[in-house]
Amino acid sequence: MATLIDPDFRARLRALNDKYAAGVPALLQAIAQARARCDAEGPRLEPLTDLHRALHAVAGSAATFGFAALGQECRRIEQLVRTLLNEPGQALADWPAVGVQVGALLRWAERDAAATHFSA
(Lines give C-alpha, C1' and ligand atoms only; values in the text may rest on other atoms or scores of the structure.)
Protein backbone atom coordinates (compact mmCIF):
# COMPACT_ATOMS: atom_id res chain seq x y z
CA MET A 1 0.00 0.00 0.00
CA ALA A 2 1.27 3.43 -0.90
CA THR A 3 2.02 5.96 1.79
CA LEU A 4 0.66 9.47 1.61
CA ILE A 5 3.29 12.09 0.94
CA ASP A 6 1.50 14.39 3.36
CA PRO A 7 0.38 12.38 6.40
CA ASP A 8 -1.95 15.25 7.37
CA PHE A 9 -3.70 15.29 4.00
CA ARG A 10 -7.05 13.97 5.26
CA ALA A 11 -7.03 16.35 8.22
CA ARG A 12 -6.27 19.26 5.93
CA LEU A 13 -9.06 18.20 3.58
CA ARG A 14 -11.52 17.96 6.48
CA ALA A 15 -10.45 21.42 7.62
CA LEU A 16 -11.07 22.84 4.14
CA ASN A 17 -14.48 21.16 4.01
CA ASP A 18 -15.36 22.54 7.44
CA LYS A 19 -14.23 26.01 6.42
CA TYR A 20 -16.38 25.88 3.27
CA ALA A 21 -19.38 24.60 5.27
CA ALA A 22 -18.98 27.48 7.72
CA GLY A 23 -19.07 29.92 4.79
CA VAL A 24 -22.21 28.50 3.17
CA PRO A 25 -24.57 30.83 5.09
CA ALA A 26 -22.68 33.87 3.76
CA LEU A 27 -22.84 32.49 0.21
CA LEU A 28 -26.58 31.96 0.56
CA GLN A 29 -26.95 35.45 2.02
CA ALA A 30 -25.26 36.90 -1.08
CA ILE A 31 -27.76 35.04 -3.27
CA ALA A 32 -30.66 36.25 -1.11
CA GLN A 33 -29.48 39.86 -1.22
CA ALA A 34 -29.08 39.80 -4.99
CA ARG A 35 -32.53 38.27 -5.38
CA ALA A 36 -33.99 40.95 -3.11
CA ARG A 37 -32.41 43.64 -5.30
CA CYS A 38 -33.92 42.05 -8.40
CA ASP A 39 -37.31 42.03 -6.68
CA ALA A 40 -37.00 45.62 -5.45
CA GLU A 41 -35.33 47.24 -8.47
CA GLY A 42 -36.53 44.93 -11.18
CA PRO A 43 -34.37 42.51 -13.12
CA ARG A 44 -31.90 45.13 -14.32
CA LEU A 45 -28.35 44.45 -15.43
CA GLU A 46 -26.58 45.21 -12.14
CA PRO A 47 -28.73 43.16 -9.72
CA LEU A 48 -28.99 40.28 -12.21
CA THR A 49 -25.21 40.31 -12.63
CA ASP A 50 -24.80 40.21 -8.85
CA LEU A 51 -27.20 37.27 -8.66
CA HIS A 52 -25.40 35.48 -11.47
CA ARG A 53 -22.03 35.95 -9.71
CA ALA A 54 -23.37 34.73 -6.37
CA LEU A 55 -24.90 31.62 -7.94
CA HIS A 56 -21.78 31.00 -10.01
CA ALA A 57 -19.56 31.15 -6.93
CA VAL A 58 -21.55 28.37 -5.27
CA ALA A 59 -22.02 26.35 -8.46
CA GLY A 60 -18.30 26.30 -9.07
CA SER A 61 -17.18 25.19 -5.62
CA ALA A 62 -19.97 23.43 -3.74
CA ALA A 63 -19.49 19.92 -5.10
CA THR A 64 -15.79 19.99 -4.29
CA PHE A 65 -16.64 20.40 -0.61
CA GLY A 66 -19.52 17.92 -0.32
CA PHE A 67 -22.45 20.11 -1.36
CA ALA A 68 -23.13 18.55 -4.78
CA ALA A 69 -26.90 19.07 -4.87
CA LEU A 70 -26.53 22.69 -3.81
CA GLY A 71 -23.96 23.24 -6.54
CA GLN A 72 -26.12 21.58 -9.19
CA GLU A 73 -29.17 23.63 -8.32
CA CYS A 74 -27.16 26.85 -8.24
CA ARG A 75 -25.72 25.96 -11.67
CA ARG A 76 -29.22 25.33 -13.07
CA ILE A 77 -30.54 28.67 -11.80
CA GLU A 78 -27.33 30.44 -12.82
CA GLN A 79 -28.06 29.37 -16.39
CA LEU A 80 -31.60 30.78 -16.15
CA VAL A 81 -30.19 34.08 -14.91
CA ARG A 82 -27.65 34.08 -17.73
CA THR A 83 -30.55 33.78 -20.17
CA LEU A 84 -32.14 36.85 -18.58
CA LEU A 85 -28.86 38.73 -18.94
CA ASN A 86 -28.56 37.71 -22.58
CA GLU A 87 -32.18 38.57 -23.39
CA PRO A 88 -32.91 41.78 -21.47
CA GLY A 89 -36.19 42.27 -23.33
CA GLN A 90 -37.50 39.07 -21.75
CA ALA A 91 -36.06 39.66 -18.28
CA LEU A 92 -39.07 41.53 -16.90
CA ALA A 93 -41.51 38.85 -18.04
CA ASP A 94 -39.33 35.90 -17.01
CA TRP A 95 -37.98 37.22 -13.70
CA PRO A 96 -40.98 36.22 -11.51
CA ALA A 97 -40.57 32.52 -12.35
CA VAL A 98 -36.80 32.67 -11.86
CA GLY A 99 -37.22 34.57 -8.60
CA VAL A 100 -39.54 31.84 -7.31
CA GLN A 101 -36.89 29.23 -8.12
CA VAL A 102 -34.22 31.23 -6.30
CA GLY A 103 -36.55 31.41 -3.29
CA ALA A 104 -37.11 27.65 -3.38
CA LEU A 105 -33.35 27.09 -3.51
CA LEU A 106 -32.80 29.34 -0.50
CA ARG A 107 -35.55 27.70 1.57
CA TRP A 108 -34.20 24.23 0.75
CA ALA A 109 -30.61 25.22 1.52
CA GLU A 110 -31.68 26.77 4.80
CA ARG A 111 -33.11 23.40 5.85
CA ASP A 112 -30.05 21.35 4.78
CA ALA A 113 -27.57 22.73 2.28
CA ALA A 114 -25.57 19.51 2.45
CA ALA A 115 -28.52 17.31 1.43
CA THR A 116 -27.72 14.87 -1.34
CA HIS A 117 -30.63 15.89 -3.55
CA PHE A 118 -32.67 19.04 -4.10
CA SER A 119 -36.35 19.00 -3.28
CA ALA A 120 -38.31 22.23 -3.28
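I looked up E78 and found a salt bridge to R82, the closest N and O atoms being 3.3 Å apart. A salt bridge here is a side-chain nitrogen of Lys or Arg within 4 Å of a carboxyl oxygen of Asp or Glu. I note that the model is predicted: local features need pLDDT of at least 70, side-chain atom pairs count only at pLDDT 80 or more, and totals for chains, interfaces and linings use all residues. Residues are numbered from 1 along each chain as its sequence is written, and side-chain values use heavy atoms, with hydrogens and water left out.

I placed E78 in helix α3 (residues 68–86); helices are DSSP runs (H or I, at least four residues), numbered from the N terminus. E78 and R82 are 4 residues apart in that helix, about one helical turn.

I then looked up R75. E78 forms a salt bridge with R75 too, with the closest N and O atoms 2.7 Å apart. Both lie in helix α3, 3 residues apart.

Is E78 buried or exposed? I read 0% relative accessibility, so E78 counts as buried. Buried means under 20% relative accessible area, exposed over 50%, and partly exposed in between (1.4 Å probe, protein chains only). R75 is partly exposed at 28%, and R82 is partly exposed at 34%.

I listed the contacts of E78 (heavy atoms within 4.5 Å). Leaving aside neighbours within four places in sequence, E78 touches H52, L55, H56 and A59.

Last, I checked R37, which forms a salt bridge with D50 at 2.6 Å between the closest N and O atoms. R37 is in helix α1 and D50 in helix α2 (residues 45–61), 13 residues apart.

Technical notes. Helix = DSSP H or I, 4+ residues; strand = E, 2+ residues; numbered from the N terminus.
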